[in-house]
Amino acid sequence: MRQEALGCTRCPLAATRTNVVFGVGDPHADLVLVGEGPGRDEDLAGEPFVGRSGKLLDRLMAEELGIDRTSCYIANVVKCRPPQNRDPRPDEMAACRGYLDRQLELVAPKVVVSLGNVATRALLGTVDGIRRVRGRAYPLGGAQLVPTYHPAAALRSGGEVVAEMRADLIRAKRLLG
Ligand code: URA
């Protein structure tokens, strides 16, 4: 599937990407993190969450879960960078959705953490924002979905949002057992 995705032209983002950012980590992980889509750094590197947001995510995972990115799996709703980091459009998310659904099927994690509004709405099928839905877990196929903020929001907003992200990661850790 990765090979197929690397040549994907299902949506207009194919025309402007540098690299397809398919996903990274342990394909048998109990924990999957889902972001929105690649930014500039990720587009250049071909790997999710390698920029400033990713550094914060790495730190919070280390501090709250005691793991690094090699022992979970990280993917995005769209695999190619939306120009100027705009939100992915519904048609782009729809065109890319099969990849994420198959990734979740194949990895078959116990816990999925959605990072931010775009990933949470896509996975939960809701229009509610992250502030409203976070603080609990939701069934997602055979897994539990734990919605939390996007690390970019934590970088922008600071203390309280970071604290709530930490609480969400602790919730994920409890569900991982
Ligand atoms: N933001 C995302 O949502 N995903 C990435 O991979 C990087 C930044």
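Here are a few notes on the fold and the ligand site of this predicted model.

1. Ground rules: in this predicted model, local features need pLDDT of at least 70 and side-chain atom pairs count only at pLDDT 80 or more, while totals for chains, interfaces and linings use all residues. Residues are numbered from 1 along each chain as its sequence is written, and side-chain values use heavy atoms, with hydrogens and water left out.

2. Overall fold: the chain has eight helices and six strands, counted as DSSP runs (H or I, at least four residues, for helices; E, at least two, for strands). From the N terminus the order is α-β-β-α-α-β-α-β-α-α-β-β-α-α. The radius of gyration is 15 Å, close to the 16 Å from the globule rule for 177 residues, so the chain is as compact as a globular protein of that length. That radius is over C-alpha atoms, and the rule is 2.2 Å times the number of residues to the power 0.38.

3. Who surrounds the ligand? Gly35, Glu36, Gly37, Glu42, Pro48, Phe49, Asn76 and His150 do, each with a heavy atom within 4 Å of it. By class, that shell has two nonpolar, four polar and two charged residues, with Gly counted as polar and Pro and Phe as nonpolar.

4. Polar contacts (N or O pairs within 3.5 Å): a ligand oxygen is 2.8 Å from a polar backbone atom of Glu36, and one is 3.0 Å from a polar backbone atom of Phe49. For His150, a side-chain N or O atom lies 2.8 Å from a ligand oxygen. The protein covers 92% of the 240 Å² of accessible area that the ligand has on its own (Shrake-Rupley, 1.4 Å probe).

Conventions. A polar contact is a pair of N or O atoms within 3.5 Å; within protein, one must be able to donate a hydrogen and the other to accept it, and residues adjacent in sequence count only if both atoms are side-chain atoms.
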